[in-house]
Amino acid sequence: MKRIRCGIIGLGMMGKEFASSVMRWAHLPEMEVYPEVVAICSGSLKEADRKWYSRALPTITQMTTDYRALISNPEVEMVYAAVPHHLHEEIYTACFKAGKHLMGEKPFGIDLNANRSIMDGYKQHDHLLVRCATQIIFIPAVQRLGAMIEAGFFGTVFDVDAGFLHSSDLNPDKPINWKRTIASNGAYGCMGDLGMHVLHLPLRSGWRPLNVRAVLSNIMTERPDAQGNRVPCETWDNAVLLCEAEDRKGTRFPMSLRMQRISPGEKNSWYITVKGTKGAAHFTTKQINTLNYLDYRNNPDQAWSVLDMGHETSFKSVTGGIFEVGASDIILQMWGSYFYELHHHKPQSTYTQCATPEEAVLSHHLFTAALESHETRQTIPITFDRA
Ligand SMILES: NC(=O)c1ccc[n+]([C@@H]2O[C@H](COP(=O)([O-])OP(=O)(O)OC[C@H]3O[C@@H](n4cnc5c(N)ncnc54)[C@H](O)[C@@H]3O)[C@@H](O)[C@H]2O)c1
């Protein structure tokens, strides 16, 4: 087993998810590589985090509040940076300069300019493995969808509807945090938080948005701060985007995308419906085990097939094949994908590769155009940087 020594910058929710995946690595019995966390860093390094991480990962030899100290540690080969969006540019580019492989978090820069600067740094060190964390594609039913797209099951796709819906922000008394301020979360608001999760599968399938008409909503305009004072909450809660998309053959079709923090009844619902000339499919994390599809090429009755997926993960797991899958399982799969690609210098397959920096670039162009569309009430063409 090849060992990769890792550092974690940002010890919050996602830092802990990575630590938990490392602790469960034996779930992936066919991996020829394993991560070992040797260094951790957080701006504040709270005592509770210090205790939690040292108990969870006894391999840690460095704990610091300065990310530069972690990045200059020669033991560290790879960094997972799970920090607020305004820190992506500085920390990701510092990782490249120090020659560290990186799993960055979405949106991969707080805005388009920050993303450009990250990409400039990456291009000078493109021998490094750099990926953007998003785990949804590793749900077994979504993997199956990817295989169906690749096999041409849908024929010519003529309609895609996808989204990610939350509802916890419906509570007006939920205290404000960094994810609800433009300074640390960015002007994209909910698009920066939820958008890459929605776009990973469509972009990987070659469905590229050409233009967008967006309607953005700031529903809760103020929230309590830590002292209980009501302060402005400026970020977009909800985004509805209608795009004209194009597939790799040049066929155009409507693609509607919803990213919403205030969607009553939806705790963490990622969904997609794909309609094509030969078949259609629908999936939602509300029924994470289930893929619904129509095969009207072979069944003119258009009768829905309802398929139980079980634990058919792409990276073999010791978990029983009939067991349902959960959030920490797909995060483990995402990490399996990252270290598989790092070890083998290529992904296992098209749909088992983590989101690439180039896909993050496309998402930035879409979100930037969406902001302009909302502002001007116009349909905005999506322009892409040419390399
Ligand atoms: N993949 C997913 O499903 C998913 C889910 C939530 C968040 N995220 C992304 O993960 C990233 C982090 O989000 P989170 O929910 O873990 O946030 P969090 O608030 O739980 O944790 C952020 C961490 O960053 C640390 N930090 C702040 N300033 C720092 C600095 N200067 N140096 C080092 N550390 C610093 C904080 O101390 C904290 O430990 C964001 O980019 C977010 O969009 C991804």
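Helices (H or I, at least four residues) and strands (E, at least two) are DSSP runs, numbered from the N terminus. Residues are numbered from 1 along each chain as its sequence is written. The model is predicted: local features need pLDDT of at least 70, side-chain atom pairs count only at pLDDT 80 or more, and totals for chains, interfaces and linings use all residues.

**Exercise 1. Determine how helix 4 is covered and what follows it.**

Step 1. A residue is buried if 20 or more other C-beta atoms, placed from the backbone, lie within 10 Å of its own, exposed if 12 or fewer, and partly exposed in between. Eight of the 10 residues of helix 4 are buried, so the helix is mostly covered by this definition.

Step 2. The buried residues are His-88, Glu-89, Ile-91, Tyr-92, Thr-93, Ala-94, Cys-95 and Phe-96.

Step 3. The cover over them includes strand 1 (2-9), helix 3 (67-71), strand 4 (78-81), strand 5 (101-105) and helix 5; contact here requires C-beta atoms, placed from the backbone, to lie within 7 Å.

Step 4. Just after helix 4, Gly-99 adopts a positive phi of about 75°.

**Exercise 2. Classify the packing of helix 4 with helix 5 and of helix 1 with helix 9.**

Step 1. Two packed helices are described by the angle between their axes and the distance between the axes. Axes are lines fitted to C-alpha atoms, for helices over the stretch in contact, and angles run from 0 to 180 degrees between N-to-C directions. Angles under 35 degrees count as roughly parallel, over 145 as roughly antiparallel, 65 to 115 as roughly perpendicular and the rest as oblique.

Step 2. Helix 4 (residues 88-97) and helix 5 (residues 112-123) have axes that come within 9 Å and cross at roughly 5°; the two are therefore roughly parallel.

Step 3. On helix 4, His-88, Glu-89, Tyr-92, Thr-93, Phe-96 and Lys-97 meet Ala-114, Ser-117, Ile-118, Gly-121 and Tyr-122 of helix 5. This contact comprises five nonpolar, four polar and two charged residues, where Ala, Val, Leu, Ile, Met, Phe, Trp, Tyr, Cys and Pro count as nonpolar, Asp, Glu, Lys and Arg as charged, and the others, Gly among them, as polar.

Step 4. For helix 1 (residues 13-23) and helix 9 (residues 327-344), the axes come within 9 Å and cross at roughly 80°. Helix 1 is therefore roughly perpendicular to helix 9.

Step 5. Glu-17, Phe-18, Ser-20 and Ser-21 of helix 1 make this contact with Ser-328, Ile-331, Leu-332 and Trp-335 of helix 9. Its residues divide into four nonpolar, three polar and one charged.

**Exercise 3. Describe the loop between strand 5 and helix 5 at Pro-107 and Phe-108.**

Step 1. Pro-107 lies in this loop, and a cis peptide bond with omega of about 5° joins Lys-106 to Pro-107.

Step 2. Phe-108 belongs to the loop as well. Its phi is near 70°, a positive value in a residue other than glycine.

Step 3. Phe-108 counts as buried because 29 C-beta neighbours lie inside 10 Å.

**Exercise 4. Characterise the shell around the ligand.**

Step 1. The ligand is surrounded by 23 residues, the closest being Gly-10, Gly-12, Met-14, Gly-43 and Glu-105; a residue is near when its C-beta atom, placed from the backbone, lies within 6 Å.

Step 2. Helix 1 gives the most to the shell, with three residues.

Step 3. By class, the shell has 11 nonpolar, nine polar and three charged residues.

How values were computed: Contact = placed C-beta atoms within 7 Å.
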